[in-house]
Amino acid sequence: MSEIGIPRLGLAAILFGALAFAIVPLFVPTYQVSILTEVLIYAVLAMSVDILAGYAGRTPLCLGAIFGVSTYVTVYWTSTMAGSPYVGMMLGICAATLVAMVFALLAIRTTGVYFILLTLALGMIIWGICLRWTSVTGGENGLRGNVRPVELAAHLPFYYVVFAAVVVITFAMWRFVRSPFGLTLRGIRDSDSRMRSLGYNVSLHMFIAFTVAGIFAGVAGALYAMFNDFVSPSTVALTQSVEGLLMAITGGAGTLFGSFIGALAIIGLENAVSLYTERWQTVMGVAFILIMIFAPEGILGGIRTLLARKRG
Amino acid sequence: MDRRTFLKTGVALAAVGTVASPYVARAQGTGTIKIGLMAPLTGVVAAGGREMVDGFQMYMDEKGGMMGGRKVEVIVEDDGANPDMALQKARRLVEQSGVNMLIGNLLANTGLAVANYVKGNGMPYFIPIIAADELTQRNRIKNVVRVAGYTGSQFPRPLADWCLKQGYKKAATISQDYTFGQEQCGGFCQTFTEGGGSIAGQFWHPLNTSDFSPYLGQLANLGVDVIFAMETGADATRFMQQYANFGLKGQIPLVGAMNMTDQSVIRTMGPEAEGVIVAAHFAEGSPAPVTKSFVEAHMKKYNKYPSLYGFSMYSGAMWLDEAAKTINGNVEDRDAFLAAVSKTQLTGSPLGQTVKLDDYGNPIYDVHIRKVVKNADGKLWNAPIANYPNVSQFWTYNPTTYMEQPPYSRTFQGIKKS
């Protein structure tokens with residue numbers, strides 16, 4: 001173990017991953033650059049899911065909706081209000097934070113399957129509002145935005161802006177889960193009654209963790225608004241939350257960086273497989289089942305176990 | 001599914017699979033026109049998406065895979081009935097597969113998402129199915145053209161006029177609560193009330209409503225002369241069944257949007273659908289010789305009557321072919337190609353009439369008032385009973401003044417106060 005708390009191998013892997021994300025876009029066609037951009041954005045969503053699912057032991061099914069709230073607000077600000085995209089993104093993140101705080105107040109009392117169901121219901125409320133409040137959200141048709149500034153219209157410059165943002169976000173999240181606060185969350189995951197008897201305010205910790213996850217989901221949502229320039233109810237639908245969760249689990253829940261692997265695997269597979277068969281969803285389903293059987297800790301988790309076994 | 005249909009589906013899937021993989025026919029030199037065809041092959045409207053691909057393919061097969069004298073490679077992509085996915089697929093077709101044009105999509109939200117994307121890069125995008133009014137009205141995008149399609153409010157207007165001529169004075173509407181439904185109801189209500197009729201009530205229900213009894217009970221008690229219904233897919237089937245079960249059939253005449261009695265709906269229905277009247281450009285039961293031979297050819301190839309989806313994509317393909325011919329197949333020159341598409345007058349379409357585009361990229365049609373009847377083979381189809389020539393998306397209005405009114409929504413239905 002080095003001083004900063006990650007094994008040297010891990011550090012090397014992280015640097016290698018970051019370097020790959022920095023260099024590869026220079027050598028691939030523009031379409032793949034846009035896919036990589038999407039991977040980065042979804043990795044942030046998956047990491048925010050991981051904060052709750054992996055570190056605090058509560059699986060949320062509403063972060064996709066919070067992500068979408070930010071997208072909606074950003075697009076609404078730039079299209080209907082004709083405002084600046086950067087202000088729009090700030091407002092989007094603020095809106096996501098507010099929604100996350102309200103949801104947190106409602107959800108932190110519950111655990112396990114009740115937490116999953118409650119967050120699912122809360123997410124569905126957002127979806128319902130976006131679908132039916134036609135005068136503001138455009139209903140089923142969604143909103144066509146004007147978010148992407150001209151200087152970022154090309155895929156490559158936009159990719160590097162997102163890349164820079166994601167590096168900063170990832171570092172912040174990593175510090176967050178490594179902090180004493182993050183350790184407390186892990187304690188709550190393992191036994192909240194023990195943490196409570198040790199004098200920790202579990203509800204407050206959960207509230208903060210939920211809100212922070214919401215902020216990061218909101219950042220991802222604002223970036224997504226700029227990426228797609230369009231938003232419709234499918235962005236806040238349940239599938240969005242599930243996708244984020246699947247990425248976190250595929251990569252390895254409780255590993256944070258696994259989210260990048262998960263996002264890359266899922267988006268990459270989605271794109272590659274759908275080239276060859278329209279039954280790509282079946283292929284994805286089989287892939288998930290295989291991962292759950294052979295690497296229930298996710299890809300990164302599986303690699304770690306393997307390495308540990310070799311050393312031991 | 002019996003073994004025979006299973007085999008057929010399998011063969012059809014295999015055929016599409018071949019088309020779908022862009023690497024199969026990739027390296028055919030510069031002589032190939034690449035067309036990106038997007039359709040929802042998975043998700044809630046997958047059946048319609050399948051018929052879209054079939055319709056397009058049927059035309060290409062008839063022409064030996066040629067368009068404007070050049071070989072055509074059709075790259076089929078599934079949009080999953082989801083706008084985010086449609087966007088991603090559009091990006092892939094344009095940026096990776098290098099297509100010359102995009103065509104397709106079924107749901108308005110997928111079409112609007114793709115339209116916003118092509119606005120930025122000028123890629124020609126054709127929408128034979130997407131009916132959202134605004135794409136060829138207030139928010140027109142130059143390179144988005146509705147070849148062989150129609151707008152939501154276009155056909156209900158002649159239907160409203162026809163209703164007034166039958167002496168109906170008081171109407172009610174029931175519709176799925178989304179833009180496509182609001183536009184159709186808006187077209188009907190505006191023309192109906194401006195012609196002296198009145199609207200006694202409007203009902204909006206969510207998509208996928210299984211029980212219509214609360215609405216039917218209220219509709220029955222309004223004392224109206226006619227009911228206009230706008231339903232698609234399974235909602236249409238359920239609505240017409242429950243309308244009959246409620247005893248309203250035969251009591252209050254039922255008219256509606258063309259989607260309600262499309263082949264994709266009435267194919268599986270019985271006598272409860274008979275007698276429903278809608279307005280549309282296409283009627284598979286039309287006695288016109290070209291329509292007859294198209295319907296027979298479709299029957300022979302796919303063992304069913306063509307639906308709106310198949311017909312529109314077939315005509316759309318024909319339209320692009322005709323346009324490409326006038327510029328010797330040089331579709332790479334986008335401006336020339338789009339201009340050719342706008343100028344093209346489609347003479348050979350299965351409609352049996354010449355079709356041309358208005359100045360806003362939307363076709364002008366002779367509209368049939370059509371009625372669901374049982375044909376000689378004992379199957380239900382739509383037979384024309386009246387005809388309105390040259391109906392554009394603006395009906396009798398001046399386009400400029402028309403577009404000054406707000407777009408149709410739940411709150412604005414163009415109802416004239418009397």
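Lys301(B) sits in helix α10 of chain B, residues 289-302; helices here are DSSP runs of H or I with at least four residues, strands are E runs of at least two, and both are numbered from the N terminus. The model is predicted, so local features need pLDDT of at least 70 and side-chain atom pairs count only at pLDDT 80 or more, while totals for chains, interfaces and linings use all residues. Residues are numbered from 1 along each chain as its sequence is written, and chains are lettered from A and ligands numbered from 1 in the order in which they are written.

Lys301(B) counts as partly exposed because it has 15 C-beta neighbours inside 10 Å; with C-beta atoms placed from the backbone, 20 or more others within 10 Å makes a residue buried, 12 or fewer exposed, and anything in between partly exposed. Tyr59(B) is 242 residues away in sequence, yet the two C-alpha atoms are 11 Å apart.

Now for strand β7 of chain B (residues 170-176), where 6 of the 7 residues are buried. β7(B) runs parallel to β8(B) (residues 198-205), joined by 7 bridges; strands pair if DSSP finds at least two bridges between them. Ala172(B) faces Gly201(B) across that pairing. To get from β7(B) to β8(B), the chain passes through helix α6(B) (residues 179-194), in a right-handed β-α-β crossover, meaning a clockwise path from the first strand over the helix to the second when the strands point away from the viewer. β7(B) also pairs in parallel with β9(B) (residues 226-230), over 5 bridges, with Ser175(B) partnering Met230(B).
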